[in-house]
Amino acid sequence: MIKVEHLTKQYGDRLAVNDISFEVQKGEIVGFLGPNGAGKSTTMNILTGYLSSTSGRAMVDGLDILEHPLAVKKKIGFLPETPPLYLEMTVREYLYFIYDLKKCTLNRKAHIEEICRVVGIESTLDRMIRNLSKGYRQRVGIAGAIVGNPEVIIFDEPTNGLDPKQIIDIRNLIRELGKERTIILSTHILSEVKAVCDRILIINEGKIVADEKTENIERALHGNRRLIIRIDGPAASVLPALKRVNGVTYAQASQKHSDGSSTFIVESRDDVDIRKPIFYMLAQNSWPILAMEYAGSNLEELFISVVDEADASDKKQA
Ligand code: ADP
Ligand code: MG
């Protein structure tokens with residue numbers, strides 16, 4: 001549905017987007033995850049035709065954005081980082097205005113009412129946008145984005161500045177919309193992509209540093225699994241014994257406790273379960289296990305490590 005090839009955007013001598021390529025299949029919900037300044041908004045603005053690229057190209061449904069700007073804009077609904085709402089209009093006036101701008105041909109009243117039902121703003125139709133809460137304003141922005149039933153919707157930081165309840169509502173709404181549409185959203189919040197997206201593109205300093213299905217991303221990037229084990233035994237003997245267990249790729253003592261036990265971090269290849277061999281080895285040595293759990297189910301840590309690795313490899317190249 002969306003195909004981006006070697007997209008690059010330079011602002012003066014600042015490289016905001018650096019040779020990005022990716023595809024999004026019809027019906028996918030894809031998240032752009034990256035810190036502020038990573039190039040997410042720039043990429044989205046190019047995809048929606050609001051900004052031109054320095055080089056590379058972007059296609060939507062087989063159409064090049066530069067060659068067919070109007071046809072492409074008709075296929076895309078866009079919620080920019082700060083939606084351009086007209087505060088003096090009522091919700092209905094605003095959506096009718098967007099409807100006219102988009103030269104929509106569906107039955108106007110029925111279409112707008114349908115959208116307002118989907119987005120959950122029927123009760124605000126005749127209220128002034130000025131008087132709506134931030135959450136409702138965001139919904140009005142989303143309603144504007146889906147006027148004309150576009151096949152693709154692009155949301156730039158859709159939950160930015162909302163309270164936790166509003167965030168959950170907007171996430172549910174995006175998932176609902178994603179059942180029938182192709183969606184790209186951007187966020188700098190990890191739990192957001194995890195909660196909403198089928199696939200995650202991690203963007204850092206204008207580059208894609210990871211592109212994975214949501215359920216695979218931790219394993220794919222880490223390549224091994226990490227156990228946290230608290231063991232009642234002499235660390236100086238336990239650590240080398242842990243390292244000798246078949247499948248263990250790394251072990252370190254992370255903390256010594258006042259009762260004489262120590263916590264260890266043990267990593268293994270991801271194709272072996274080392275919990276049993278570790279148990280038997282420790283039992284043989286009469287070193288009781290006080291606690292054992294998998295770490296690494298933490299995208300936050302992963303994200304930091306991805307960004308750090310990308311930084312490090314850039315510095316190596318430089
Ligand atoms: P994100 O949305 O991921 O936070 P942006 O795409 O907004 O990142 O910005 C990427 C980089 O490009 C940043 O370093 C930002 O400062 C720079 N940038 C964005 N817009 C402009 C602009 N209009 N002029 C110059 N630099 C810009
Ligand atoms: Mg942005």
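The model is predicted, so local features need pLDDT of at least 70 and side-chain atom pairs count only at pLDDT 80 or more, while totals for chains, interfaces and linings use all residues. Residues are numbered from 1 along each chain as its sequence is written, chains are lettered from A and ligands numbered from 1 in the order in which they are written, and side-chain values use heavy atoms, with hydrogens and water left out.

Two further polar contacts reach ligand 1. A polar side-chain atom of Tyr 11 lies 3.4 Å from a nitrogen atom of the ligand. A polar backbone atom of Ala 38 is 3.1 Å from one of the ligand's oxygen atoms. On its own, ligand 1 has 560 Å² of accessible area, and the protein covers 63% of it. Such areas come from the Shrake-Rupley method with a 1.4 Å probe; for residues, only the protein chains shown count as cover.

The residues around ligand 1 include Tyr 11, Arg 14, Ala 16, Pro 35 and Asn 36. Among them too are Gly 37, Ala 38, Gly 39, Lys 40, Ser 41 and Thr 42. A residue is counted as near the ligand if one of its heavy atoms lies within 4 Å of it. Strand E2 (14-24) and helix H1 (40-47) each supply at least two residues of this shell. Helix H1 gives the most, with 3 residues. Helices (H or I, at least four residues) and strands (E, at least two) are DSSP runs, numbered from the N terminus.

Lys 207 lies in strand E10 (residues 207-213). Its relative accessible area is 29%, so Lys 207 is partly exposed. In these terms, buried means under 20% relative accessible area, exposed means over 50%, and partly exposed is in between (1.4 Å probe, protein chains only).

Charged pairs come next. Side chains of opposite charge can pair when their charged atoms come close. A salt bridge is a side-chain nitrogen of Lys or Arg within 4 Å of a carboxyl oxygen of Asp or Glu. By this rule there are 23 salt bridges. One of them joins Lys 3 and Glu 5, at 3.9 Å from N to O. Lys 3 is partly exposed at 35% relative accessibility. Glu 5 is partly exposed as well, at 27%. Glu 5 also forms a salt bridge with Arg 57, with the closest N and O atoms 3.1 Å apart. Glu 5 belongs to strand E1 (residues 2-11) and Arg 57 to strand E4 (residues 55-60), so this pair ties together parts that are 52 residues apart in sequence. Arg 57 is partly exposed, at 38%.

Another salt bridge links Asp 100 and Arg 108, whose closest N and O atoms are 3.7 Å apart. Asp 100 is partly exposed at 45%, and Arg 108 is partly exposed at 33%. Elsewhere, salt bridges that share partners join Lys 3, Glu 5, Arg 57 and Asp 64 into one network.

The cysteines give another result. A disulfide is a pair of cysteine sulfur atoms within 2.5 Å. The count by this rule is 0 disulfides. Cys 104 is buried, at 15% relative accessibility. Cys 116 is also buried, with a relative accessible area of 0%.

Phi of Asp 19 is near 60°, a positive value in a residue other than glycine. Asp 19 is found in strand E2 and is partly exposed, at 43%. Phi of Glu 205 is near 45°, again positive in a residue other than glycine. Glu 205 lies in the loop between strand E9 (199-204) and E10. Its relative accessibility of 46% makes Glu 205 partly exposed.

How values were computed: A polar contact is a pair of N or O atoms within 3.5 Å; within protein, one must be able to donate a hydrogen and the other to accept it, and residues adjacent in sequence count only if both atoms are side-chain atoms.
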